[in-house]
Amino acid sequence: DYLRKRKVECVVSEYFNLKYDSGKDRVVFPVYDRAMNFQGAVGRSVGETLPRYYNYFNFEAGNTLGGAQFLRADSDTIIVMEGFFDLLNCYQWATELGCDVVVTWRAELSNKQSEIILGLDKKIQIWYDDDSSGDKGWDKAKQSLKSSAFSVKRAALPFATDPGDLTKEEFLSVYEKTRSCL
């Protein structure tokens with residue numbers, strides 16, 4: 001029920017192998033590296049359970065990108081999002097466009113995440129939320145990705161919008177506007 005409320009399609013939930021931890025009342029997002037090696041898991045509270053986010057197996061989320069196991073060599077663009085529900089809600093649309101899409105778990109790119117992204121040799125679109133933490137995350141991303149051979153652009157989201165709240169038409173519009181600036 002929680003995933004339906006968050007507009008996550010069943011096929012995407014299965015594709016990302018989401019689980020439910022009834023003991024902690026959390027949706028669990030398993031994290032793999034590009035070689036499909038299990039790295040850990042991130043959980044999101046379904047109810048009022050605190051903490052709201054939880055890392056399983058002493059997992060350091062800043063060392064990975066969520067969705068990295070699905071990165072493709074033939075894609076020329078990567079969309080970087082801040083929250084895993086944003087990734088889940090936009091994944092199908094991005095892949096239909098031939099893009100890769102990953103999540104940084106928060107609006108702050110770690111040094112390790114920057115290294116991974118720079119090593120992909122792709123055009124980079126940053127789709128952080130349209131809020132103060134997204135703005136701060138964008139400022140840091142610009143600096144940490146400035147050595148990219150490709151351009152780095154922030155998506156111009158509709159005012160105060162999270163990427164996961166966009167309709168497909170809005171998503172396509174934002175993507176095209178951002179791509180035209182790359």
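The side chains of lysine 168 and glutamate 96 meet in a salt bridge (a side-chain nitrogen of Lys or Arg within 4 Å of a carboxyl oxygen of Asp or Glu), with 3.0 Å from N to O. Lysine 168 lies in helix α6 (residues 168-181) and glutamate 96 in helix α3 (residues 84-96), so the pair ties together parts that are 72 residues apart in sequence; helices (H or I, at least four residues) and strands (E, at least two) are DSSP runs, numbered from the N terminus. The model is predicted, so local features need pLDDT of at least 70 and side-chain atom pairs count only at pLDDT 80 or more, while totals for chains, interfaces and linings use all residues. Residues are numbered from 1 along each chain as its sequence is written, and side-chain values use heavy atoms, leaving out hydrogens and water.

**Accessibility of the first pair**
- Lysine 168 is partly exposed, at a relative accessible area of 31%, where buried means under 20%, exposed over 50% and partly exposed in between (1.4 Å probe, protein chains only).
- Glutamate 96 is exposed, with a relative accessible area of 55%.

**A strand and a helix**
- Arginine 154 forms a salt bridge with aspartate 135, and their closest N and O atoms are 2.7 Å apart.
- Because arginine 154 lies in strand β8 (residues 152-154) and aspartate 135 in helix α5 (residues 132-144), this pair ties together parts 19 residues apart in sequence.

- Aspartate 139 and lysine 142 form a salt bridge at 3.7 Å, N to O, and both lie in helix α5, three residues apart, about one turn of the helix.

**The wider count**
- By this rule there are nine salt bridges.
- Arg72, Asp100 and Lys122 are linked in a network of salt bridges.
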